[in-house]
Amino acid sequence: MQVIFVEGNINKRLNLVLSGGGIKGIAYIGVFEVIESMGYHAGNIAGVSAGALAGSFAAAGYKADEIKKIMHEFDFEKLSISQIPQKVPVVQRYMEYNPELLMQTRNNMRFFMSNTNYNERSNDDIEFLLDLPQYRANFLKNLVTLSKKGSLFDGDLLENWVYKVLARRGIKKFGDLRGGIKDQVNPGGYKLRMTAVDINRAKIVVLPDDISYYGIEPDKLEVAKAVRMSTAVPFAFKAVELPKTECSKTKMHYLVDGGVFDNFPMWMINYSKTVPKIGFRLYSGEEKLLSLSTPLKVLKSLINAVHDTGVPTNQVDSSFIAKIDVSKVSSLDFGLDEEEKDYLYNSGKNAAYKFFSSFDYRISNIRYLFHWLFGR
């Protein structure tokens, strides 16, 4: 039985799980502000993509108002979206493949991704697990092939910015983020962990723990490099290449955004008797027909389709998940004006306030249940 129990809530620590969502991650600033105002602080943080980015700043010790300034100092205009068909050939290929279909759902786009035939073949270094269903194998094969052909950004700008921001607080490598809560899923006791996907192996990679597979010590992995891996959204950012040498042979592995398999990895943090696990999920509303009348809309639909392709095996207690409505902004809308930034910030703030308004009540009920079941 999974039980959360806070013994008097003495330390007021929270273990946080933060979902992905691109630029929508600005909403986490509002979440962090509420957490601070309620007297809580983070124990362990698990994130993917935008959640990994925001989580890295929080784990480094930045307060919400400081993170807000940091986000404003980064010139998102440098991530300009232009010449999409030239930079991302899959967009042009889709428009040629189905020029008359102007409306599309995520499942239909996934069908395109898994069934389109290409004259080119992916490199011999790409492995596909034989026990995967054919759909998933084809999907990943095409994802590898197409993402290597082109993306909007290479990721250098983001990685360098994150490195500089974290370095101000003396955080460069994961060894600097020791001191979190050690448990079965986080034996290294890292304050921050995140996910990427190795599309060669069709496998989620937990960072920094699993980086040892590539011959790198977890403590020595740069946090900014890990954030780049976790935010490498296919077609938006270039996949991160990691060489692995085995038996005198070196093979290149391609790592992309962890949200490709699971955009909300609640399993990354264990249930605890002393520290509650809280998940904040960026929510864009119910899936609906998407207009694909422009290259930008096709690109957004492709990015939407490549997320959450894994099948979660865990059941999550929804009473400890806060949904943040960010439906008015797209994950690729980097050129936000101040009104849109405020919308995201306030969405996170409002969702957190709503969640915490009954948080202590829920914790008290669980504490009572724990005493009743176990006589403590």
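**Figure 1. The largest nonpolar core of the predicted model and a second, separate core.** The largest nonpolar core, where a nonpolar core is a set of buried Ala, Val, Leu, Ile, Met, Phe, Trp, Tyr and Cys residues joined through side-chain atoms within 4.5 Å, has 107 residues, and those with the most contacts inside it are Phe57, Trp161, Phe235, Phe280 and Phe356. A second, separate core of seven residues includes Val206, Met266, Met268 and Ile269. Buried here means under 20% relative accessible area, exposed means over 50%, and partly exposed lies in between, with a 1.4 Å probe and protein chains only; of the 376 residues of the protein, 51% count as buried. This is a predicted model, in which local features need pLDDT of at least 70 and side-chain atom pairs count only at pLDDT 80 or more, while totals for chains, interfaces and linings use all residues. Residues are numbered from 1 along each chain as its sequence is written, and side-chain values use heavy atoms, with hydrogens and water left out.

Figure 2. The protein has twelve helices and ten strands, which are DSSP runs numbered from the N terminus (helices H or I, at least four residues; strands E, at least two). Helix α2, residues 50-59, is mostly covered, with nine of its ten residues buried, namely Ala50, Gly51, Ala52, Leu53, Ala54, Gly55, Ser56, Phe57 and Ala59. When residues up to four places away in sequence are not counted, Phe57 touches Tyr62, Ile67, Ile70, Met71, Trp161, Val162, Val165 and Leu166, contact meaning heavy atoms within 4.5 Å. Ser49 lies in the loop between β2 (41-47) and α2, where its phi is near 55 degrees, a positive value in a residue other than glycine, and Ser49 is buried, with a relative accessible area of 4%. Just after α2, Gly61 takes a positive phi of about 100 degrees.

**Figure 3. The packing of helix α1 against helix α11.** Helix α1 (residues 27-37) and helix α11 (residues 338-356) pack at an angle of about 40 degrees, and their axes are 6 Å apart; that makes α1 oblique to α11. Axes are lines fitted to C-alpha atoms, for helices over the stretch in contact, and angles run from 0 to 180 degrees between N-to-C directions. Angles under 35 degrees count as roughly parallel, over 145 as roughly antiparallel, 65 to 115 as roughly perpendicular and the rest as oblique. The crossing of α1 and α11 is right-handed, a crossing being right-handed if the near helix is turned clockwise from the far one by less than a right angle and left-handed if anticlockwise. On the α1 side the contact is made by Ala27, Ile29, Gly30, Val31, Glu33, Val34, Ile35 and Ser37, and on the α11 side by Leu344, Tyr345, Gly348, Lys349, Ala352, Tyr353 and Phe356. These residues of the contact of α1 with α11 divide into ten nonpolar, three polar and two charged, where Ala, Val, Leu, Ile, Met, Phe, Trp, Tyr, Cys and Pro count as nonpolar, Asp, Glu, Lys and Arg as charged, and the others, Gly among them, as polar.

**Figure 4. The packing of helix α1 against helix α3.** The axes of α1 and helix α3 (residues 64-73) come within 8 Å and cross at roughly 165 degrees, and α1 and α3 are therefore roughly antiparallel to each other. The crossing of α1 and α3 is left-handed. Ile29, Phe32, Glu33 and Glu36 in α1 meet Ala64, Ile67, Lys68 and Met71 in α3, and the residues of this contact divide into five nonpolar, no polar and three charged.

Figure 5. Val90 is placed in helix α5, residues 89-97, and counts as buried at 2% relative accessibility. Leaving aside neighbours within four places in sequence, Val90 is in contact with Phe112, Leu146, Phe235 and Leu302. Val90 and Leu302 are 212 residues apart in sequence, yet 9.0 Å apart in space, C-alpha to C-alpha. Across the protein, residues 24 or more positions apart account for 78% of the contacts with a separation of 6 or more.

Figure 6. A cis peptide bond, with omega of about 10 degrees, joins Leu207 and Pro208, and Pro208 is found in the loop between β5 (203-207) and α9 (223-230). Ser248, in the loop between β6 (240-246) and β7 (249-257), has a positive phi near 65 degrees and counts as exposed at 76% relative accessibility. Ser330, found in the loop between β10 (321-325) and α11, counts as buried at 18% relative accessibility.
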